[in-house]
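Please brief me on this protein model.

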Amino acid sequence: MVPEHARKNGYGPGTDEDAGSAASREPSLALLTNKAHDAPRRAPLSLPSSAMAPVSSRGIKSFDFYRKVPLDLTEATWHGGLVSILAILFMLSLFVVELSSFIASTTHSTVVVDFNRDQQIRINFNITMLDVPCEFATVDVLDVLGTNQQNVTKNIEKWNLDQNAQRRMFQGRNREQRDLVHDDHHPALDLAHQDGEHALPLGKEDFAGFVAGQEYVFANFYAPWCVWCQRLAPTWEAFAEALERQQFNIKVVKIDCVEHRDLCAESVIRAFPTLRLYKAGKAISPDYREDRTVEALTSYIERTLDLHAKVASSAPEHREKIERTLFAEAEHPGCLLSGFLLVNRVPGNFHIEARSKYHNLNPTLTNVSHVVHDLTFGPPVTREYREKLALLPKGFQQTRSPLADQVYVVSKVHHAFHHYLKVVSTHYEVSRTFGGQKSTVLQYQMVANSQVMHYQDDEVPEAKFSYDISPLATVISSKKRAWYEFLTSLMAIIGGTFTVLGLLDHMLGKVLKPKKM
């Protein structure tokens, strides 16, 4: 059966009237057909983009690795929630650890043949000699190439110390000891003693009483084996005779320190000859260290007596202050030596000992106990260099100066500390900023060993620092993790934790699932 609207439009079978009407409409249909052929051809219809979307979406969905289960088909459990909380905490902990590892740097070391071609190496030192006067403290350098530098004066400064080992007065740069003038025209002692002995010999029995009973006593502490004492003996006798003629209120004496060793030890006689002036039994500091001629000795006595006379004639309220300023502060033998040495890059040593051009040191009273404030090898530490050193590992300072702030005191005579240093070139590759360019810091690490050595009775002890430059060098570099390594580890932490704890949750679900009756 054809619908009504179809029949009205001429489709399907109809009545006779309809057939007549159709025949009467034939010319019109032909006319419409011709118009249709004469009309321009239209473009085919296209589907809207909203109709195409489902097609492309279905293609992308076919690549989905993470297909979703409808929420209606999932079930939350208490053990699943517990495992999820544990997973979050565990991943956060691993993330913090991994982040700290990424920020920090790791240190790698490599041992290579030393490629440093410098001919010399610098030794920086700051050492206090606790019982050696600055005038006697000398620095000598020796090495296997035959270098023998005695009393090195360049780039070394000295400071006198007080009784508390604190710097009291700047002694100046280490200088060559001043030449002393001697008299050589006086007759020998045998001839000088023909009219009597003018320089009185004293011993331990009568020294203290004699010195205390005289207003002024000028004493010569000597040793018969001392060449400078032998050279001074005729001059000292002529000087005593000259004072007698000029009627000075002073007695000139001499003490043999070989025969009266205990007396010289109590008086702390470190070198021969020692010329010391006493007033009413008390020693006047410092000892006499000028020219050894009758004229120079007499001039010293005149100046000293005049000075004391002026002090005595001053007002009582000022006298105590003047005496405290001029005479009260006793001389202390401590000396601080600071500076640097340039030595050959070969095994050698430098040592600090007591030595004088015009004295023979007393080996018994030569004590080279010392404090090493700093001892390093390498270039000077400038402000820029100090900034580089701050980038080095914390343990570096301990190997850079292992003797720093160490005290080495000997309690026995004829003993001294010797230090043996193994020096290794160390090249540090450090970066100033995160991801910045690297710079190389050259420093030297040391391994130190200190021992107490015994000396013969006629040998003067010395504080010796022996060093040996290693032919191998250490290259130490710091390395940070790359960003992609950090991301890879982070993904592994997240994925691995999620997977493992997911398996744990699945196992718990199987175990805790209620059984069907």
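The notes below start with the overall picture and then go topic by topic.

This is a predicted model, in which local features need pLDDT of at least 70, side-chain atom pairs count only at pLDDT 80 or more, and totals for chains, interfaces and linings use all residues. Residues are numbered from 1 along each chain as its sequence is written, and side-chain values use heavy atoms, with hydrogens and water left out. The protein has 14 helices and 20 strands; helices (H or I, at least four residues) and strands (E, at least two) are DSSP runs, numbered from the N terminus.

**Confidence**

- Mean pLDDT (the predictor's confidence in each residue, from 0 to 100) is 79 for the protein, and 76% of its residues reach 70 or more.
- Residues 1-40 stay under 50 in pLDDT. For this stretch the model has six contacts (heavy atoms within 4.5 Å) beyond four places in sequence.
- Residues 49-53 also stay under 50 in pLDDT. Here the model has zero contacts beyond four places in sequence.

**Burial and contacts**

- Of the 517 residues of the protein, 36% count as buried. Buried means under 20% relative accessible area, exposed means over 50%, and partly exposed is in between (1.4 Å probe, protein chains only).
- Among contacts between residues at least 6 apart in sequence, 81% join residues at least 24 apart.

**Cavities**

- Rolling a probe the size of a water molecule over the atoms shows where empty space is left.
- On a 1 Å grid over the protein atoms alone, a cavity is a set of points where a 1.4 Å probe fits but cannot get out; lining residues have an atom within 4 Å of a point. Grid points are joined across faces, edges and corners, and a volume is the space filled by probe spheres set on the points.
- Two cavities of 30 Å³ or more are counted by this rule.
- The largest cavity has a volume of about 60 Å³. Its lining consists of Asp131, Val132, Pro133, Phe136, Arg270, Ala354, Leu361, Leu365, Thr366 and Asn367.
- By class, that lining has six nonpolar, two polar and two charged residues. Ala, Val, Leu, Ile, Met, Phe, Trp, Tyr, Cys and Pro count as nonpolar, Asp, Glu, Lys and Arg as charged, and the others, Gly among them, as polar.
- The second largest cavity has a volume of about 30 Å³. Pro273, Leu275, Tyr288, Arg289, Glu290, Arg292 and His359 line this second cavity.
- The lining of the second largest cavity has three nonpolar, one polar and three charged residues.

**Aromatic pairs**

- A pair of aromatic rings is described by the distance of the centres and the angle of the planes.
- The count comes to 16 aromatic pairs. Rings of Phe, Tyr and Trp (its six-membered ring) pair if their centres lie within 6.5 Å; planes under 30 degrees apart count as stacked, over 60 as edge-to-face and the rest as tilted.
- The rings of Trp225 and Phe272 are edge-to-face, because their planes stand at 85°, with centres 5.7 Å apart.
- Trp225 lies in the loop between strand 8 (216-222) and helix 8 (227-245) and Phe272 lies in strand 10 (residues 271-272), so this pair ties together parts that are 47 residues apart in sequence.
- Trp225 is partly exposed, at 46% relative accessibility. Phe272 is buried, at 3%.
- The rings of Trp236 and Phe239 have centres 5.4 Å apart and planes at 45°, so this pair is tilted.
- Both Trp236 and Phe239 lie in helix 8, three residues apart, about one turn of the helix. Trp236 is buried at 1% relative accessibility, and Phe239 is buried at 0%.
- Phe218, Trp236, Phe239, Tyr288 and Tyr300 are linked into a cluster by ring pairs.

**Backbone geometry**

- Most residues other than glycine have a negative phi, and most peptide bonds are trans.
- The peptide bond from Phe272 to Pro273 is cis, with omega near -5°. Pro273 sits in the loop between strand 10 and strand 11 (274-279).
- Ser285 and Pro286 are joined by a cis peptide bond, with omega about 0°. Pro286 belongs to strand 12 (residues 282-288).
- Ala280 is not a glycine, yet has a positive phi of about 55°. Ala280 is in the loop between strand 11 and strand 12 and is exposed, at 53% relative accessible area.
- His414 has a positive phi near 60°. His414 lies in the loop between strand 17 (406-408) and strand 18 (415-431) and is buried, at 7% relative accessibility.

Notes. On a 1 Å grid over the protein atoms alone, a cavity is a set of points where a 1.4 Å probe fits but cannot get out, and a pocket is an open set with protein on both sides within 12 Å along at least five of seven lines; lining residues have an atom within 4 Å of a point.
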